[in-house]
Amino acid sequence: MTINDWLCIILLPLITAALAFPLGEFMANVFSGAKTFLTPLVAPVERILYRLLGVDEKEEMSWQTYAFSLVIFNIIGIAALFILQLAQGKLPFNPQKLGAVRWDTALNTAISFVTNTNWQSYSGEQTMSYLTQMLGMTVQNFLSAAVGIAAVVAVIRGFVRKTSRTIGNIWVDLTRSIFYVLLPLAIIWSLLLVSQGVVQTLSGSITAHTPEGSQQIISVGPVASQEAIKEIGTNGGGFFNANSAHPLENPTPVTDFLEILGLLLIPMALPFTFGAMLKNRRQGAAIFAAMMILYLAGLGFFASVEMHGNPLLQKIGVVNGLNMEGKEVRSGIMNSVLFAQSTTTTSCGAVNSMHDSMIPLSGVILLFNMTIGEVIFGGVGVGLIGMLSYAMLTMFLAGLMIGRTPELLGKKLELFEMVMSIIIILSPAILLLALSGIAVSIQAGINASLNNSGPHGLSEIFYAFASTAGNNGSAFAGLNASTIFYNLTTSLAMLIGRFSTIIPALAIAGSLASKKTVPASIATFPTTGLLFVIMLVGVIIVVGALTFFPVFTLGPILEHLLLLTGKTF
Amino acid sequence: MKATKINIWQARFIIPALKDSLKKLNPMLMARNPVMFVVELVTFITTLIVFSDIITGNSFLFNLQISLWLWFTIIFANFSEALAEGQGRAQADSLKKNRSESMARRLLYGGGSEVISALKLKKEDIILLEDGDTIPGDGEVTEGTALIDESAITGESAPVIRESGGDRSGVTGGTMVLSGKIKVRITANPGESFLDQMINMVESAKRQKTPNEKALNILLIALTIVFVVVVVTFKYFADYASVRVALSVLIALLVCLMPTTIGGLLPAIGIAGMDRLLRYNFIAMSGRAVEASGDVDVVLMDKTGTITLGNRMATEFIPADNASDKELINAALLSSLADDTPEGRSIVVLAKEKMGIHGSDIRAPEGASFCPFSAEARMSGIDCGDRTIRKGSLEAIREFVAARGSQISDSVQNIVNDISREGSTPLLVAQNEKVLGAIRLKDILKEGISGRIGKLRQMGIKSVMITGDNPLTAATIAAEAGVDDFVAEAKPSTKLDLIRSYQSKGHLVAMIGDGTNDAPALAQADVAVAMNAGTQAAREAANIVDLDSNPTKLLDIVEIGKQILITRGALTTFSVANDVAKYFAIVPAIFIAQYPQLKVLDIMHLASPGSAVLSAVIFNAIIIPLLIPLALRGVRYKPSGVSALLRRNLLIYGLGGLVLPFIGIKLIDTIISMLRMV
């Protein structure tokens, strides 16, 4: 490992955490309605918007109303994006004269962007017009991230409030997410990216003449603006198919660093928001610590596997057997590892290398990050929701083992909370197993789409569903997902993955808000200590391992063992 | 007084329990326990596979063994439940031995009476009881006073007084009238008495699941669903990898992964908790109350009867300036000779001690007449000859001497003030117009009470003492007993208000009471313990009745409540942690023929794929009977820091659950490969 590698691996988490803490505090103020330095600027815009939309800022919603509004909002979003893609051929800002998108791809894409997944079964620059990219994708990149933030803010209120029937106003939460958090950060990031040479233009593709005398058509477009929110909102849908491996999306080491920083920022900040709103900052730090431990442990394992190289390559004389297939030479191994680890843990899904070509054993980490439900920082908002669900499961067991009916932060965890948190944790896992099982056993799942056979093929299929059910959106590549079968099954995975997290979470929020808060006594287990963090991490690992042990064995582990004997796929 | 613990490991319990566990195989009964129901379903399928193997002439020995061990798994689980039920029944039987045989004399409307079987008594019937009668059912004394032997229920040999009207009017079926004649209104239909209710709670078929049990069940069902999906999709993933997995092996994997250990033992844990309550002579009206008792963080206690012995005791004689010690003691003794109140008796005892006389050679002089304590006079005493001796409160004596033209001197007033300031109660003694001095009456703490209160504090439970005394007296007792807080000059409504205010702050409140005026507070409290000797109203408002009428036993309830929860949590953790080893046994075994590279996962180095699968199944089955004693006894609970407690349980049941099956499966594998079972 070079000095640069070490710097990246040490500085990145440090700098991100250092930025995440103040951002977390800031968001806590925003969503508590306190005055912030942006208030003078944004408040007038907010007021006009509320008046236009007929929203009463002071109105509080029950969880049912909150959830219902959220679902309607997303259904409209999916419908609008779907129609936009079908109609793009007749609409302006289409210099490449791209026609209507195929219906199943359009549906898949609409669901994908609204659910903050940004799974792309198409090649962006060759399928979507500028209008679709800007009005459709970029807008949903903001809205889907805002929905995630709104949902988690409502859940936090569930813990904060006592005997309350309401959990906030979704329209206010969405508006504030966009105007106080996402838009300012996206503007900063866009400018930083443009300064490094990321393109931002509305003109059509450029034709270049190469030294050999042939012609090369270079796609360009409004890249930087989409790139910024792609990371900030943990969306991950690239303007180009090659995503952040594309030199016009991610041209320099600085942009690479900025992009990783951007995709980690809000997910890392939210635990601090949680702590600040609870007025229990140690609690926020404890949740953050659990996430960080899992992140660093995965990163360490992942990096050591990749640095260990491929024995087959070593045999044919590659230095240290380092596997550069699928990685950008300008990124090198460590930046690819760092990006891949960050993007799979945060459910962002942007990539700067092809995960398909990593050493097989690395696949275990990437899959684990996604299959446990994207809770290691996780997607904007939903990551913390998932982590809190695991915390509830943990405290259910811990509570029993200290002889108290279980509670978390003074809220009793009863039948309703258990049912809902189990739905959040397990339904994506169940769906992902079921869909992968179907895919590997029917023609449409294998023959038509799969480029690789054997355990690697299984990993590819499993990764596709893990990525969509986890609302990650990154692809393992090697799988042609642009078929009706995969478009529809991954759509289902994305919908369930998203709404089986958000709706039960809002239900929990409603139920918790209505409860009394039991004051802590010496008989209360402190959820801010090391023991809690260790137990939480343990529960996550055990749940993930028990559910996916067979698939991991037959996929990446078997492939790795076969690789050691010289067999590749 | 504890009822004797019943040793369950005797043939007379085990054999019926074994029979019961076969009866419980009935799928209709099994459906109450979803986890074990699924196990039964898939076990049935393996049995069909065995039969089809036999018919088609395939080798069936392996499948037969898998199938048999799966049946054992279910039977072991049923056995644990049946055993716990048997224990509960035996415990209850020992309490109600006498009741069914007795006869009762029922009073008829419009006069007259008839003798009928106790079993035919209905609610609201009035029965007449005399010396030697066994009380046929729970009821309330409506007329008369009687001395009752409650030893059949409580094991306490000293008889107790039960009388109409007061706070001591409740009687329990199975106890006996030693002397006296009382009319008792029956308050429960046959089969509805407290004891019958309790018996219902140890019979699984009638048992209501408690809220926490329901929540845990949901978790277990969810795990079951996940593992069903894992195993079903596993088949297709294996197919994809060109490995055919036998159905029986898939079923074996499923059962091993499912939380059968906790799923099988869960009913037994709940029932055994009820058994333990019975053993401590508690009758719980609902399992919910027992669970909640583990959460209680505030407990309200009456001072009198709970913290202090019911009555004050004389501890000191303080003569006035113009009187001698001897004069005072003599007068106090005389005035108390016929005083049957506990205070009076304590004065006699103290006086005899001070005067150095023992035995009962002190008699009132001839011709003396006693003046018993009355609510109007608020004094008691004796008239003999020209001496009129009275003892009473400051106000009462002031009136008494004023009527004789005298008044309370400053020195006496000072003595009274001093005694009050120290939290005791002064009792003045006057002879004719002269005040001789004061007797100090002091509340005496129950033995060991401060230790128990200290233990409550260790458990994180705040104790609050409630008393009608003045703040000074209350503070003294509170400090002596070591309670965390007290409320003095409490009115009957104070308790209810106090409970509500604690509850509104999120606390769970336990309350111990016996009087009718406690009933509203008992009904409001989260855990309400009524003394069996208390009034019917109190008992009905409570959710736990203490047959011993011993208020300090709250600690035992809290411990039992916590134990039930800890046992559930520990075995759930254990059950889930076990799965890791089972994966490492079964998954490599399935693939090793096709992919010898997966041998690295076979970290136990098991003899053969067949023995690996069978060992995992056997381990999964026999761990259940091995854990039955723990499920019945409950995981030990020691009041200590919660973090220490959790760390300990995580180490034993989490880490232990992770490691133990690796050893167990390897051991079984060694044995069965030696026996050539596979």
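How many residue pairs are in polar contact across the interface of chain A and chain B? The rule finds eight, with both residues of each pair at pLDDT 80 or more. Please keep in mind that this is a predicted model. Here are my notes, starting with that interface.

1. **Extent of the interface.** On the chain A side, 57 residues are in contact with 58 residues of chain B. Together the two chains bury about 4800 Å² between them, and carbon and sulfur atoms give 81% of that area.

2. **Charge across the interface.** Besides the eight residue pairs in polar contact, the rule finds one salt bridge between chain A and chain B. The side chains that meet there are Lys412(A) and Asp295(B), at 3.2 Å from N to O.

3. **Which elements of chain A take part.** Four helices of chain A, namely H14, H15, H17 (454-469) and H19 (530-564), each supply at least two residues of the side that touches chain B. H19(A) has the largest share, with 14 residues. Sorted by class, this side of chain A has 38 nonpolar, 15 polar and four charged residues.

4. **Salt bridges elsewhere.** Side chains of opposite charge can pair when their charged atoms come close. Over all chains, a search of the whole structure finds 45 salt bridges. One of the salt bridges in the model joins the side chains of Glu249(A) and Lys230(A), at 2.8 Å from N to O. Glu249(A) sits in the loop between helices H8 (223-232) and H9 (253-278) of chain A, while Lys230(A) belongs to H8 of chain A; the two are 19 residues apart, and the pair links distant parts of the chain.

5. **Cavities.** You will find seven cavities of 30 Å³ or more in the structure.

6. **What lines the largest cavity.** Helices H14 (382-401), H15 (415-441) and H18 (484-513) of chain A are the elements that give two or more residues to this lining. H14(A) gives the most, with four residues. By class, the lining divides into eight nonpolar, nine polar and two charged residues. Note that H14 and H15 of chain A turn up in this lining and also on the side of chain A that touches chain B.

Methods
Residues are numbered from 1 along each chain as its sequence is written. Chains are lettered from A and ligands numbered from 1 in the order in which they are written. This is a predicted model: local features need pLDDT of at least 70, side-chain atom pairs count only at pLDDT 80 or more; totals for chains, interfaces and linings use all residues. Side-chain values use heavy atoms; hydrogens and water are left out. On a 1 Å grid over the protein atoms alone, a cavity is a set of points where a 1.4 Å probe fits but cannot get out, and a pocket is an open set with protein on both sides within 12 Å along at least five of seven lines; lining residues have an atom within 4 Å of a point. Grid points are joined across faces, edges and corners, and a volume is the space filled by probe spheres set on the points. Ala, Val, Leu, Ile, Met, Phe, Trp, Tyr, Cys and Pro count as nonpolar, Asp, Glu, Lys and Arg as charged, and the others, Gly among them, as polar. Contact means heavy atoms within 4.5 Å. Buried area is the accessible area (1.4 Å probe) that two parts lose on being put together, summed over both. A salt bridge is a side-chain nitrogen of Lys or Arg within 4 Å of a carboxyl oxygen of Asp or Glu. A polar contact is a pair of N or O atoms within 3.5 Å; within protein, one must be able to donate a hydrogen and the other to accept it, and residues adjacent in sequence count only if both atoms are side-chain atoms.
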